[in-house]
Amino acid sequence: MTEPTGPLAGIRILDLTSVLFGPYAAQILGDWGADVIKIETLDGDMWRYAGAFRNRGMSGQFMAVNRNKRSLALDLKHPDGKAALQRLIPTADVLVTNVRPAAMARLGFGYEECRALNPRLIYAAATGFGQEGPWAKRPAFDEIIQAASGLASSIGSDEAPQFVPSLVGDKICGQALAGAVSAALFSRERSGRGQLVEVPMLETIAGFNSIEMLGGYAFEPPIGPSGYKRMKERKPVRTKDGWITMLPYSGDNWCAFFAAVGRPELIDELQVRDPVARAENIDRIYAAMNEIAVNRTTAEWQELLLRLDVPHTAFARISEITEQEHLKAVDYFTAIDHPTEGKIRQARPATKFSEAPPTMHRVPPRLGEHSREVLAEAGYSNAEIDALVAARAAGEG
């Protein structure tokens, strides 16, 4: 373990989240230096058991979003477990939860109850749906949000929607939540007051998707169909020996591309100089590009497109992503030693701060690994901690 050096060093966060949306946000804040205490049930975050693992409860997927945290196992339905969290709240700057608000209120840890314990607390609620709407009490997972937000329709079609094969809703919302917490902390520095922060998944992803996908429906009344034509046309391009993505984007890019491949007549035929005509003809333009691409190898295309300064890249296989040229050069995927899991691979923090660099200062914790440490910091004696564990109000790793 090393000391945190990020811009949030000295901030304490109580992380009452599980699975992905909340834990990802809390890990970002931990990467940026915060002391994150992950408060789990005695059975642990269910994400601990998803995916491949060497030891039960320490899956690769769990470890990917739970570094830079300490694990405290508490039964918040037990009066002594509840009392332990009540004692911790006054010591914290932020409480993050993705437990549904009604359930938090039943446990006695709704916003008002927590604010009474700590008026400076930033209470960050990661919700599925905005709490002022009719779906406020519904459970939500990534697939639910992809479906309800229109994302699945825009990935596939209205007639045949498709999910993005990645938990993009959780991860996008996690990044939004980390930013919202940081903004609330900045506001508190000015006002001295804590506040309730809510990041609802449906609204966040609907807004994210609307940027390009409202299309003609961005106007009232609509002036055209929804969607963005280029999104439907862009696909991996087959070369003589594999695949590439090539993205001539500007008029100059397209003119240089068609001239270099010996098809200058397509410049005027497809009207690539004019951005409006180019957008209208994008299906024909991409069809011509695909027809041309099979005449060269991927390496030949990369050499030509690099010379033309046309955006492009070969495709990285997910099984080989750690060897991708740029990521390997910047040492993005780092192998670290875990005391029980051996060598594990982590994607290091991508954001850089010149004066307060983020660090991976704690490995992902075992369930309840830090229960004694955190409870001792809250003023519990060894005998009192023994009693909590014996009563199953707390658990230790």
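Helices (H or I, at least four residues) and strands (E, at least two) are DSSP runs, numbered from the N terminus. The model is predicted: local features need pLDDT of at least 70, side-chain atom pairs count only at pLDDT 80 or more, and totals for chains, interfaces and linings use all residues. Residues are numbered from 1 along each chain as its sequence is written, and side-chain values use heavy atoms, with hydrogens and water left out.

Gln-346 belongs to strand β11, which spans residues 342-347. Its relative accessibility is 3%, and Gln-346 is therefore buried (under 20% relative accessible area; exposed is over 50%, partly exposed in between; 1.4 Å probe, protein chains only). Beyond its neighbours within four places in sequence, Gln-346 is in contact (heavy atoms within 4.5 Å) with residues including Met-63, Arg-67, Tyr-332 and Pro-364.

The whole structure contains 9 aromatic pairs. Rings of Phe, Tyr and Trp (its six-membered ring) pair if their centres lie within 6.5 Å; planes under 30 degrees apart count as stacked, over 60 as edge-to-face and the rest as tilted. Trp-32 and Phe-353 form an edge-to-face pair, 5.7 Å centre to centre with 80 degrees between the planes. Trp-32 lies in the loop between α1 (21-31) and β2 (35-40), and Phe-353 in the loop between β11 and α17 (371-377), so the pair ties together parts 321 residues apart in sequence. Trp-32 is buried at 17% relative accessibility, whereas Phe-353 is partly exposed at 28%.

Trp-254 and Phe-258 are stacked, with 5.5 Å between centres and 25 degrees between the planes. Both lie in helix α11 (residues 251-260), 4 residues apart, and are therefore separated by about one helical turn.
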